[in-house]
Amino acid sequence: MARFAALAVCAAALLLAVAVGGAAAQGVGSVITRSVYASMLPNRDNSLCPARGFYTYDAFIAAANTFPGFGTTGSADDIKRDLAAFFGQTSHETTGGTRGAADQFQWGYCFKEEISKATSPPYYGRGPIQLTGRSNYDLAGRAIGKDLVSNPDLVSTDAVVSFRTAMWFWMTAQGNKPSSHNVALRRWTPTAADTAAGRVPGYGVITNIINGGLECGMGRNDANVDRIGYYTRYCSMLGTSTGGNLDCYTQRNFAS
């Protein structure tokens, strides 16, 4: 009897471990369900979009499952805000929307490659985050186990790889820049240099991390407005608040 009782305890523990593991794996999918994903990105497969058919929900979930902390860290509100920020920034990077149009913020994930392909070829912008530059392709590739220096086109031909590069960028601090993930979770504490440069916690710092050299410290601009518009829409859809400091109009970029 003791032997059977021990076996029963072991079996129960195993089932619990499987259940917990399964819940963790489904963490992102419990917030960004297939229907929510479709509602957030209603035009991603529009015939006008060059990326139609590429950014599938299944590819997003498969990629997310390789980054255990992505969309699963913190409180329910933290998770929603982190995901809203991720989709807000990546939707701007891939937008096919017309500025000022009623549906401006419904055209995320329309592109998978930089239109001009002129920035650092062959390492021009690709994927949700528009990964750019040889160094980023090298670092991202090492992190996900793919040779993206020799084969940068993987970022625009393999949707799982594409999403993984965006998630790697989101989760990874580089140089004097914090990770976008930590900023979204309100876990970033500015240094004295950040404070002097006007870099304060909030969504605006994430814009600075991604494209500060072209969009920050120059007053109000359309790119910031677009990023904020997408983020605000997604926060509303997911039921969370945007927080303050949404723009980087008066922030010096991290390279200055």
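At what angle do α5 and helix α8 pack, and how far apart are their axes? Hi everyone, let's start there. Please keep in mind that this is a predicted model.

The angle between α5 and α8, which covers residues 159-171, is about 120°, and their axes lie 12 Å apart. That angle makes α5 oblique to α8. As for handedness, the crossing of α5 past α8 is right-handed.

For residues 49-71, the span is 35% helix and 0% strand, with its end C-alpha atoms 27 Å apart.

Let's move on to the aromatic rings. How many aromatic pairs does the structure hold? There are 20 of them. Let me show you one, formed by Tyr55 and Tyr109: the ring centres are 4.8 Å apart and the planes meet at 65°, so this pair is edge-to-face, the cut-off being over 60 degrees. Where do these two residues sit? Tyr55 is in the loop between α3 (34-40) and α4 (57-64), while Tyr109 is in the loop between α5 (76-93) and α6 (134-144), so the pair ties together parts that are 54 residues apart in sequence.

Are these two tyrosines buried or exposed? Tyr55 has a relative accessible area of 1%, so this residue is buried. Tyr109 is at 0% relative accessibility, and therefore counts as buried too.

Rings also turn up alongside charged residues here. Lys112 lies over the face of Phe54, 4.7 Å from the ring centre. Then there is Arg126, whose charged end sits over the ring of Tyr124 at 3.9 Å from its centre.

One last stop, and that is Gly127. You'll find Gly127 in the loop between α5 and α6. With a relative accessibility of 0%, Gly127 counts as buried. Which distance separates the C-alpha atoms of Gly127 and Ala166? The answer is 7.0 Å, although the two residues are 39 residues apart along the chain.

Terms used: Residues are numbered from 1 along each chain as its sequence is written. This is a predicted model: local features need pLDDT of at least 70, side-chain atom pairs count only at pLDDT 80 or more; totals for chains, interfaces and linings use all residues. Side-chain values use heavy atoms; hydrogens and water are left out. Rings of Phe, Tyr and Trp (its six-membered ring) pair if their centres lie within 6.5 Å; planes under 30 degrees apart count as stacked, over 60 as edge-to-face and the rest as tilted. Helices (H or I, at least four residues) and strands (E, at least two) are DSSP runs, numbered from the N terminus. Buried means under 20% relative accessible area, exposed over 50%, partly exposed in between (1.4 Å probe, protein chains only). A charge sits over a ring if NZ of Lys or CZ of Arg is within 6 Å of the ring centre and within 35 degrees of the ring normal. Axes are lines fitted to C-alpha atoms, for helices over the stretch in contact, and angles run from 0 to 180 degrees between N-to-C directions. Angles under 35 degrees count as roughly parallel, over 145 as roughly antiparallel, 65 to 115 as roughly perpendicular and the rest as oblique. A crossing is left-handed if the near helix is turned anticlockwise from the far one by less than a right angle, and right-handed if clockwise.
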